[in-house]
Amino acid sequence: MDIGEVLKPQGIRGEIKVRPLTDDSSRFRMLKSVTVGGVPRKIESVRISDGAVYIKLFGIDDRNEAEKLRGKLISIERAAAVSLSDGEFFIADLIGSKLFARSESGAELLGTIENIESFGAADVFTVGGGKRFTFAFVKTLCAEFDEVARALYVDKARLNEVAVYED
């Protein structure tokens, strides 16, 4: 499960600056190890400042080694993930799920969620399989996720307000 992306080296001692892909950056402090670009790594230290996470990994001791990690995704085992409250879901579970738009006349299949990008203010979903479009994920979509069916249901009227369709 992806929880961050390495943005760049920070300093000269091997620390990396990470863009968190999680709602709560403080979760990084609880981790003892992660996978970076498919390679398991132990965490030496974590600090958080101005919305970014800075991580020092064992064995990455200079800027050149840290530079090799630029652009790589940071992942954890599903078992290390935090427990979710009702109505919450992991982005990793949504990718590949079906998107349905609900209205008074029922639910209409719009396509499959292909990608989700986090931009701070809102996550942007890319949907394909029909007419390709993107939309900002906002609370007013009244989203419900059926984990078993791998289906996300959103309010059709509100989706029409935030969706941008490709030509």
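In this predicted model, residues 24 or more positions apart account for 50% of those contacts in the protein chain that have a separation of 6 or more. The chain contains 3 helices and 13 strands, and its C-alpha atoms fill a box of roughly 60 × 35 × 25 Å when taken along the principal axes. Of the 167 residues in the chain, 34% are buried.

**Surface and charge**

- The accessible surface of the protein chain comes to about 9900 Å², and carbon and sulfur atoms hold 48% of that area.
- Among the side chains, 24 are positive and 27 are negative, with the centres of the two sets lying 6 Å apart.

**Nonpolar cores**

- The largest nonpolar core has 20 residues, and those with the most contacts inside it are Ile16, Val34, Ile55, Leu57 and Ile74.
- Strands β1 (2-10), β2 (15-20), β3 (33-36) and β5 (52-57) each supply at least two residues of this core, and β5 gives the most to it, with 3 residues.
- Leucine 57, one of the residues with the most contacts inside the largest core, touches Ile16, Val34, Val36, Arg41, Lys42, Ile43, Glu44 and Leu69 when residues up to four places away in sequence are not counted.

- The hairpin formed by β3 and β4 has 2 residues between the strands, and glycine 37 in its turn has a positive phi of about 60 degrees.
- Strand β4 also pairs with β5, again in the antiparallel sense, over 6 bridges, and here the bridge partner of valine 46 is isoleucine 55 in β5.
- The hairpin of β4 and β5 likewise has 2 residues between the strands, and in this hairpin aspartate 50 takes a positive phi near 50 degrees.

**Alanine 149**

- Alanine 149 is placed in the loop between β11 (144-146) and β12 (151-155).
- The relative accessibility of alanine 149 is 46%, so this residue counts as partly exposed.
- Although alanine 149 and serine 97 are 52 residues apart along the chain, their C-alpha atoms are separated by 8.3 Å.

How values were computed:
Residues numbered from 1 in each chain as written. Predicted model: local features only at pLDDT ≥ 70, side-chain atom pairs only at ≥ 80, totals over all residues. Heavy atoms only, no water. Core = buried A, V, L, I, M, F, W, Y, C linked by side-chain atoms within 4.5 Å. Buried < 20%, exposed > 50% of the residue type's maximum accessible area, 1.4 Å probe, protein only. Helix = DSSP H or I, 4+ residues; strand = E, 2+ residues; numbered from the N terminus. Contact = heavy atoms within 4.5 Å. Areas by Shrake-Rupley, 256 points an atom, 1.4 Å probe, with all protein chains shown as cover. Lys, Arg positive; Asp, Glu negative; His and termini not counted. Charge placed at Lys NZ, Arg CZ, Asp CG, Glu CD. Pairing = 2+ DSSP bridges.
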